[in-house]
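Please look over the sequence and the fold before reading on.

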Amino acid sequence: MPQVDSLRGKRVGLLENTKRNAAALLDALGTGLAETDHVDLVRMTKQDFAMPLAPDVVKGIIHDCDVVVIGIGDCGSCSAAAVADGIALEERGVPVAVLCTEAFEVTSRAMAGLKGRPDFPVLLMPHPIANLTNGDLTERGQTLASRVRGHFLGPAA
């Protein structure tokens, strides 16, 4: 995975997939990164969570973002698509953090294997996301911000 030396001043893409609570969770995560790392947030929405990103959307993301957080994989098709999108972006040199729930780890790993990247990292979290309260989402987002930071910066972070 491509890594970065610092997130400070980076354009962090938050690519949400319209799943219930995905936007709120990514907003909380983004707020955590903005507060600690002074990043610029680029919010994006993927309208069809089960389909791969269109090539023109990939080009736009590459142009507008230094790193990207993709979420939320909380069903079979959206988890697989999130991993496929993450691999496609990383193949173009964009560091990516893909967020999926533990219930769909097998699906995520299967897609990574199909794409020739069985070791592709996926950041797992408890399932489900859809029924979390605003407070739960804020807490989970803050926790994920720390994990995403470590993911992008590597073991020395």
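Helix α3 gives the most to the lining of the largest cavity, with four residues. This is a predicted model: local features need pLDDT of at least 70, side-chain atom pairs count only at pLDDT 80 or more, and totals for chains, interfaces and linings use all residues. Residues are numbered from 1 along each chain as its sequence is written, and side-chain values use heavy atoms, without hydrogens and water.

Helices (H or I, at least four residues) and strands (E, at least two) are DSSP runs, numbered from the N terminus. A cavity is a set of points on a 1 Å grid over the protein atoms alone where a 1.4 Å probe fits but cannot get out; lining residues have an atom within 4 Å of a point.

How many cavities of 30 Å³ or more are there? The count comes to one. The largest cavity holds about 50 Å³ of space. Its lining includes Leu15, Glu16, Lys46, Phe49, Ile70, Cys78 and Asp85. Strands β1 (11-16) and β3 (67-73) and helix α3 each give two or more residues to this lining. By class, the lining has seven nonpolar, two polar and three charged residues. Here Ala, Val, Leu, Ile, Met, Phe, Trp, Tyr, Cys and Pro count as nonpolar, Asp, Glu, Lys and Arg as charged, and the others, Gly among them, as polar.

Now the helix pairs. Axes are lines fitted to C-alpha atoms, for helices over the stretch in contact, and angles run from 0 to 180 degrees between N-to-C directions.

| Helix pair | Axis distance | Angle |
|---|---|---|
| α3 (76-91) and α4 (105-114) | within 8 Å | roughly 40 degrees |
| α1 (22-37) and α5 (134-153) | 7 Å | about 55 degrees |

The angle makes α3 oblique to α4. Angles under 35 degrees count as roughly parallel, over 145 as roughly antiparallel, 65 to 115 as roughly perpendicular and the rest as oblique. The crossing of α3 and α4 is right-handed. From α3, the contact (heavy atoms within 4.5 Å) includes Gly76, Val83 and Ile87, and from α4 it includes Thr107 and Met111. This contact has six nonpolar, four polar and no charged residues.

Helices α1 and α5 are also oblique to each other. Their crossing is right-handed. Among the contact residues are Leu25, Leu29 and Asp37 of α1, with Leu137, Arg140 and Val148 of α5. The contact of α1 with α5 divides into nine nonpolar, six polar and four charged residues.

Conventions: A crossing is left-handed if the near helix is turned anticlockwise from the far one by less than a right angle, and right-handed if clockwise. On a 1 Å grid over the protein atoms alone, a cavity is a set of points where a 1.4 Å probe fits but cannot get out, and a pocket is an open set with protein on both sides within 12 Å along at least five of seven lines; lining residues have an atom within 4 Å of a point. Grid points are joined across faces, edges and corners, and a volume is the space filled by probe spheres set on the points.
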